[in-house]
Amino acid sequence: VLAVDSVMLSNAGAYIYQELGYALAWGAQWLTSLTDAGLTVDEVAKRIKFNMGISSNYFMELAKFRAGRMLWAEIVKLYGPECLCSAKMAVHASTSRFNQTLYDAHVNLLRSQTESMSAALAGVDSITVTPFDTPYKTPDEFSERIARNQQHLLKEESHLDKVADPAGGSYYVETLTVSLAQEAWKLFMEVDARGGFFPCVNAGMIQEAVNASCRKRHDDMARRKEVLLGTNQF
């Protein structure tokens, strides 16, 4: 019933901690607004679905969803639910459009496959794999079928749906999860101190922050390209 569509922030160039922090603030805004209107936190929390993006930063994205579940549970608990089952985060993940290439579109198959794999290992509820030809045309029957088959490979041949939290206990992933949770929580608290997600959107603060991150990412990619081109000249 209630959507937190942070996938749009991911596709606009937000950093991973920004998407998570703003998504949590968005969800908390739904909780605050509707509980103030007279609904119970159990009624509201169970009807919120997080639609999040997946970038090609494999382990960071895996950690993002794990950190998101942990932080969202803590947020919901603060509202005093009658059942802790209300603190469960419902998450849908969509592979990135931000990093899809136009010039060698089949590379997008590799990117979306690793992205969907990190989301599956993180235990999301559902995944949308963006067809590889999306940047330059309306996906056709072939590209949509391939996108579906990418998920079938992970589920039916790799059996990623058969293990609960396979990354749990990994020092590297656990450390990333905690670090990312800390940064996202700082951002969440900053948004909360400014009145919540909706007032920050109306003031343009979130749009400005995401656009700044997008410009920085493009600048970083341009510098890396210059270094690679310079290296290839020798």
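1. Let's start with helix H9, which gives the largest share of the lining of the largest pocket, four residues. Helices and strands here are DSSP runs numbered from the N terminus, with at least four residues (H or I) for a helix and at least two (E) for a strand. A pocket is an open set of points, on a 1 Å grid over the protein atoms alone, where a 1.4 Å probe fits, with protein on both sides within 12 Å along at least five of seven lines; lining residues have an atom within 4 Å of a point.

2. A word on the model: it is predicted, with local features needing pLDDT of at least 70 and side-chain atom pairs pLDDT 80 or more, while totals for chains, interfaces and linings use all residues. Residues are numbered from 1 along each chain as its sequence is written, and side-chain values use heavy atoms, leaving out hydrogens and water.

3. Back to that pocket. Its volume is about 530 Å³, taken as the space filled by probe spheres set on the points, which are joined across faces, edges and corners. Ser56, Phe98, Arg217, Met221 and Arg224 are the closest to its centre among the 20 lining residues. Helix H2 (16-36), helix H7 (171-193) and helix H9 (205-232) are the elements that give two or more residues to this lining.

4. The second largest pocket has a volume of about 320 Å³. Of its 17 lining residues, Ala120, Val124, Ile127, Leu160 and Asp161 are the closest to the centre. At least two residues each come from helix H5 (107-121), strand E4 (126-128) and helix H6 (141-157), and H6 has the largest share, four residues.

5. In the largest nonpolar core, Leu31, Phe65 and Trp72 touch the most other members of its 56 residues. Such a core is a set of buried Ala, Val, Leu, Ile, Met, Phe, Trp, Tyr and Cys residues joined through side-chain atoms within 4.5 Å. Setting aside residues up to four places away in sequence, Leu31 touches Val41, Val44, Ala45, Ile48, Trp72, Ile75, Val76 and Tyr79; contact means heavy atoms within 4.5 Å.

6. Finally, H2 is followed by Gly38, which has a positive phi near 115°.

Notes. Buried < 20%, exposed > 50% of the residue type's maximum accessible area, 1.4 Å probe, protein only.
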